[in-house]
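Q: Could you walk me through a few features of this model and show me how to read each one?

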Amino acid sequence: MAIPRSSPNIFASLQLAKEGLAGGHALPDTELKASINLVLAQAAQLPDTIELGDMGFIVLEGLDACGKSTLAKMVASTNEFEILKTPPSSIAEHRTLFDESGQDSLRRAFYFVGNYLALKELKSAEKSVVFDRFYFSTVAYAMAAAYKAAASLPPASDDCWCWPADLPKPMLVVYVSVSHEEQCKRLKHRAAELKQPLTDEEAKMIPTSQLSEVLERAYESLFEANQDIPVLKLDSSSTSPTALRDQVFACLEDLRQRV
């Protein structure tokens, strides 16, 4: 049985994440409790061990506005992959409610459970899958909410960075980075284009790079702690999406030849 991780709101297994969600039953918010029950009902249908067989998947990770969603579309445009996101479509409608609940532990438990439910959608996919965010992002953003400075994060040797034993691993993680200046330009442009305000986390990235630095350090700790997962690092600041896509496929081909 997995034991709780040493850092707050990091769940070492599906069972612990479900227990974290169930803690919201004591809250007076009936709408939130209804969403908790719906998510837990879906999680209860998952097997104790998730078997994917030969169904491998890749994951795109990175900060907001780094270009990973654009890259995901470029990868999928080859018709070899289809895009899935976390939280998955089966629970995505509840995301805003958890984000705005003011209950960070519940919010993080929701995202942790979402990774497991996303694999259920993967098993129904007709092609290979590229995930737009997965477990590494879940941990990085949870840690950034708990630790306000990069220097205060736990060392990479801490168990909080370790991949859960009951969660299948991707065959490749593509980490997309971007300069802070370019990130801010993209965030503002995206908000204007969508006619939507920035999220709280996006807004915090505009005036200072501090949140970005914490997230970047968190990702680096995750990569160091899980060296059995191949990681391809790309910088989208001045590289075209087409060139980035070509690098992803070159890396995949290299991995296939090593098997």
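A: Gladly. Let us start with burial: a residue is buried under 20% relative accessible area, exposed over 50% and partly exposed in between, using a 1.4 Å probe and protein chains only. Phe 11 is buried, with a relative accessible area of 11%, and Phe 112 is buried too, at 2%. This is a predicted model, in which local features need pLDDT of at least 70 and side-chain atom pairs count only at pLDDT 80 or more, while totals for chains, interfaces and linings use all residues. Residues are numbered from 1 along each chain as its sequence is written, and side-chain values use heavy atoms, leaving out hydrogens and water.

Q: How many aromatic pairs does the structure hold?

A: A pair of aromatic rings is described by the distance of the centres and the angle of the planes. Rings of Phe, Tyr and Trp (its six-membered ring) pair if their centres lie within 6.5 Å; planes under 30 degrees apart are stacked, over 60 edge-to-face, and the rest tilted. The structure holds 15 such pairs. In one of them, Phe 11 and Phe 112 sit edge-to-face, 5.3 Å centre to centre with 75° between the planes. Phe 11 lies in the segment before α1 (14-22) and Phe 112 in helix α5 (residues 104-122), so this pair ties together parts that are 101 residues apart in sequence. Helices (H or I, at least four residues) and strands (E, at least two) are DSSP runs, numbered from the N terminus.

Q: Which residues form one aromatic cluster?

A: The cluster includes Phe 11, Phe 57, Phe 112, Trp 163 and Tyr 219.

Q: At what angle do helix α2 and α5 pack?

A: Two packed helices are described by the angle between their axes and the distance between the axes. Axes are lines fitted to C-alpha atoms, for helices over the stretch in contact, and angles run from 0 to 180 degrees between N-to-C directions. Helix α2 (residues 30-43) and α5 pack at about 25°, with axes 10 Å apart. The two are therefore roughly parallel (under 35 degrees; over 145 is roughly antiparallel, 65 to 115 roughly perpendicular and the rest oblique). Where they meet, with contact meaning heavy atoms within 4.5 Å, the α2 residues include Leu 32 and Ile 36, and those of α5 include Leu 106 and Phe 110.

Q: Is Arg 245 buried or exposed?

A: Arg 245 is buried, at 18% relative accessible area, and its place is in helix α10 (residues 241-258). Among the residues that Arg 245 touches, not counting those up to four places away in sequence, are Leu 71 and Met 74.
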